[in-house]
Amino acid sequence: MTSSRVFCLNPVKHDYQDAAASPVIKELQILNNRSIQQIACGNHQTVFVLTDGTVYTCENEEKSTPEHVSSLDTFVIVQAACGDAHNIVISDKGQIMSWGRDSEGQCGHGEVHLKKRTTPKVIKSLSSEVIIQVACGAKHTLALAKSGKLYAWGDNSYWQLGYSTTQDHCANPVHVSCLAGLPIQQISCGGNHSLVLTFNGNVFGWGCNNSNQLGQYDEKSCKAYIDTTEKQLPKLPAFQAVKTEKDTVLVGGVSKLIETHLQAVSGMPEHKNKSFEELRHEFNFISASTVPHKLDFLKQITSISCGHNFSVFLSKNEEVVRLAKDLNQTWNENIAEIHKEEDKTIACTKRHSVILTGDKLYVFGPTSMHDPHSAVSNDDDSSMFVYDSLSRCITDATSSPDTVNISNVYCGGLNTCYLVTNGSVSKKKRISGKNNQFRSEMIYHLDKGVITELDPLTSTNLKLIQNIFSSAECLNNAFTSDRLCNEDSSGLDLSKARKAFKMLSEKHIVLKTIDHAISSQLCTTLLTSPLDVEALCVYMILLECPTMQYPEFYLQSILAVAEALCNLSPKMSKVIDTWIGNFSPPTFQHLLSIFKNVVVHLVMKQLSAVMTLIFTEEMNISIPLNMLKKLYKINEEMEEIVPYAAFYIPKSKNLLMWLNMNMLTPCLNLIDYPFVLENDVKMNSIIQDNILQQQAAMDEQIQLQIFQQLAFTPMFSMHMHPAFQHLLHLRITIERENIVGSALEQLRSVLKEDFKKPLKIQFDGEPGVDDGGPCKEFFLLIFKEILDPKFGMFKVFSKTERIWFNPQSFEDNSVFEMVGILCGLAIYNQVIVELPFPLALYKKLLNKPVFLSDLTQLDPEMTSSLENVLDYDDCDLQDVFGIFFQFSSEFLGDVCTIDLKEGGKDIPVTYENKQEFVDLYIDCMFNESIKEQYSAFAEGFHQVCGGPILQMFHPEELMSLVIGNEIYDWEEFESLVEYKGLYNKEHKTIKYFWEVFHELTLKEKKKFLEFLTGSDRIPVQGMSQLKVIFQPVFGSTDFLPAAHTCYNYLDLPFYESKEKMREKLMMALEHAHGFGLL
């Protein structure tokens, strides 16, 4: 075992005359050059931990010698920490012992002890934890457990414990619960403040902030008052972010003031306008951060260290940041030089910052001590000592020719700095002192190596798995990558997690252990609003866990994870949504499948077990459904990572029917989760809703007429007068020569409630009875005419043949309202119509956002141009594109240009504002420029087709409901046709027909479909919804085929050849129009 040599320097120059000289480094001949593990320094005592686990202490007096602490010989001590007058040590088994002053409960034994505790004693309340790190403030203590939990006890007069206490101290270790979920890497204590460093490089601090050791308060939040009669704490200003010369300081949190002399200040006129800082100094206020807060201005920190009233931080790029009351000019002048150095180690005495780098040692702090018991440095006599060649200084001190490499630096007490060497140690092996010396002792960690070691399985391995999966802190440190965790990215390497978890997929006993740990231990401790997004990584890990794949075995943990996810606060939920929204389509689809499978499993289990569907708390189906709702929202916001139909749960129609049959919809109402319902289920729902509304409208009219007859006709007949039958429907008579005018004129006079009646169309002068056919033709003809560009209501985009509202239309808004009513009537009466609107219209009708991608359906060239603007990364964007914040539209040669924002014509589009320009352009195109026209249209549409049932639909589903679809299966169409009379599928005339039909072009087939059914599109449910019947016509074969579109009947003469069949069929398609009775 290599022996250690210890060197000491005291930066405070009270024993030499040369003020310009650096303090002399002296070698201490102690412990017979035994191997030293660690040195901890307090105000009054120093603790030496040897490599063999024995402990020595000595008083901080010049002639004091180390004494062996024999009461600790039954333990192997690996770490120590010292406060002002109390000592803490931990063993290799994670046991924690303490002794010394216990006036504020800093020894953690459950009660305050006014006399000094002379013998180390185990802190029994932490016996269930494995303690791996410990840090001491003046009179308080922090301890980090292997489980990731942080405990604090002792003095709390400055809120340095991180939680509130009824008294100014707490003698029992208490979990700092607000830090739950944060994977802590290092802890450190100042005199009356505390810091923790997470594995993501974030720093959180709390406690005393009188010297800005946690950041600087904003003086604008300056007013404070104290009620001297009640002697209560004042109402408190917010803890604001401000900037110093070097750093941006603490953001968020709470500031509290304590008036130590209980003097009223707010009511005194002479103090009314004084600043926060002035009041604090004048009346000895204490400034404190009462709960842990993230020091947002510190990024990628790798090490932390505290003095009594200052803090020092080392970043990944080797920069050193010091937070103190006033950064001395000496520090500012030298910090640039320090930043150039590499391989730094930081440590602090109560009054000095020590930086060891290479063979140099920097010591910053006071050079004299006016009050030996004061921990506050005098900035006026602060200076920076630099040892350019530390090895030469040590050699000079020992007169030894050997080269000495310093392996560790330990600082503490008022002014003590120890340099320790364990022989020749390379720079890369050096580890920093005081709080960083046991970096190998970290919280439980999950990685591929841990999983590999599970083979063979032992009780110890299973216990390790249970410990890891019951701790959010440990899981949050799993499968990390080089990327930082922030609001946009979890920073995790999930592919690494999947590969590692794949090794567990067949280890059922391990998965059962994980399932139990997650459901009964982990998820019950997860905070709904954790302190930082770093605490959310656990959810990403859990979603990859193999237990999520098997709801039949591990249902409880799946439900627990989903419920915790859905219960997150809005702010944290938004972060999770962003992370999941960044998933690739296959990964997102996999996650979606997990919760769809859970829903199916729960339903099938209930259906097979009982006749009554009552989901218990343990089997609450709303949990996975709410998780699916969350995923659906994410999918929408990300413009569909996967198709909306991917959310359909198979056979949801049968489930819905079963629920309705058993009157169980109050228990499980799938209508609240419409995205899981297949399209035909939603179609049937709106059809049934329309039928019910139509029936209700007719019943209301019948009741009204009965009432009128009872009131005015003494001899009332029980039979409805034939004249009243017309009142049960919405009847419109159409002139073929003036379809639009005659229709709009009559619709304007219709009462709103009459739109709920079934629509009946009568063409003037034609004897057709409207059982569906004339209604179909009416919509076909009126939309063809009213959407024609000659009306000027809608603008046609030639590239896509789509239409959009014309912002320069001369038509009154009431006409747009009528068009909306017509669209609503088509849906309400189950008529498929051809409306060449883009999907954006249906998005707007459902209150969904419209994006740049929606412009593609109208104007792909403009879409491409806007995308080019967004993709252009050079600063000369304005020179290249030459565009301004304006929007132009053209109608009949008249170009109308409007500003997208005030003064837009003079605002060029630049690299900095290009996203704003595109957003405003899309908003103007789809919203602002056509606001009046669309609002009138939407008002008319919702008069007929409004209500919650419509909100069940996805925009594409609503679009299909209106215009049908063009997914044709002509073989299926043939198989679905029924035959009457002499006809059957083997009849030669029928065979001639199908031979001719299958030889037609797609356009001709669609024309036949329109001839037969009134529309060239099919219902969204498919061909199976078309009930088509062919029946023979007796007589001359010179007759043309005739269609009864009301019933989808085709009258087909007995043509004797295929050629004649083709001739007559094509003639019928060319000349057919009108609905006359045959």
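Biologist: Which residue in S16 is the bridge partner of Ile184?

Modeller: Strands in a sheet pair through backbone hydrogen bonds, in either a parallel or an antiparallel sense. Here, the bridge partner of Ile184 in S16 is Thr198. Two strands count as paired if DSSP finds at least two bridges between them; the elements themselves are DSSP runs numbered from the N terminus, helices being H or I with at least four residues and strands E with at least two. Strand S15 (residues 184-189) pairs with S16 in the antiparallel sense over five bridges, and the two form a hairpin with three residues between them.

Biologist: Before we continue, what kind of model is this, and which confidence limits apply?

Modeller: This is a predicted model, in which local features need pLDDT of at least 70 and side-chain atom pairs count only at pLDDT 80 or more, whereas totals for chains, interfaces and linings use all residues. Residues are numbered from 1 along each chain as its sequence is written, and side-chain values use heavy atoms, with hydrogens and water left out.

Biologist: What is the order of the open sheet of four strands?

Modeller: The order is S3-S4-S5-S6, with antiparallel pairing. Strand S3 (36-41) and strand S6 (67-68) are the edge strands, each pairing on one side only. S3 pairs with strand S4 (residues 45-50) over five bridges in the antiparallel sense, and Gln38 stands opposite Val49 in S4.

Biologist: His68 is in strand S6. Is His68 buried, partly exposed or exposed?

Modeller: His68 counts as partly exposed because its relative accessibility is 36%. Contact means heavy atoms within 4.5 Å. Not counting residues up to four places away in sequence, His68 touches Thr54, Val55, Tyr56 and Asp73. The side chains of His68 and Asp73 also make a polar contact (2.8 Å). A polar contact is a pair of N or O atoms within 3.5 Å; within protein, one must be able to donate a hydrogen and the other to accept it, and residues adjacent in sequence count only if both atoms are side-chain atoms.

Biologist: At what angle do helix H5 and helix H8 pack?

Modeller: Helix H5 (residues 459-469) and helix H8 (residues 508-522) pack at an angle of about 35°, with their axes 8 Å apart. Axes are lines fitted to C-alpha atoms, for helices over the stretch in contact, and angles run from 0 to 180 degrees between N-to-C directions. On the H5 side, Leu462, Ile465, Gln466 and Phe469 meet residues of H8, among them Ile509, Thr513 and Ala517.

Biologist: Which residues of helix H17 are buried?

Modeller: An α-helix has 3.6 residues a turn, so residues three or four places apart point the same way. In helix H17 (residues 739-748), the buried residues are Ile739, Val740, Ser742, Ala743, Leu744 and Leu747. Their cover includes strand S29 (730-734), helix H18 (773-786) and helix H19 (813-828).

Biologist: Is Trp159 buried or exposed?

Modeller: Trp159 is buried because its relative accessible area is 11%. Trp159 lies in the loop between strand S13 (150-155) and strand S14 (169-175), and its phi is near 60°, a positive value in a residue other than glycine. Asn847 likewise has a positive phi near 60°, but Asn847 counts as exposed, at 66% relative accessibility.

Biologist: Where in the chain is confidence lowest, and where highest?

Modeller: pLDDT is the predictor's confidence in each residue, from 0 to 100. The mean is lowest in strand S18 (residues 255-259), at 32, and highest in strand S12 (residues 140-145), at 97. Residues 424-440 have a pLDDT below 50, although this stretch has 52 contacts in the model beyond near neighbours in sequence.

Note on methods
Buried < 20%, exposed > 50% of the residue type's maximum accessible area, 1.4 Å probe, protein only.
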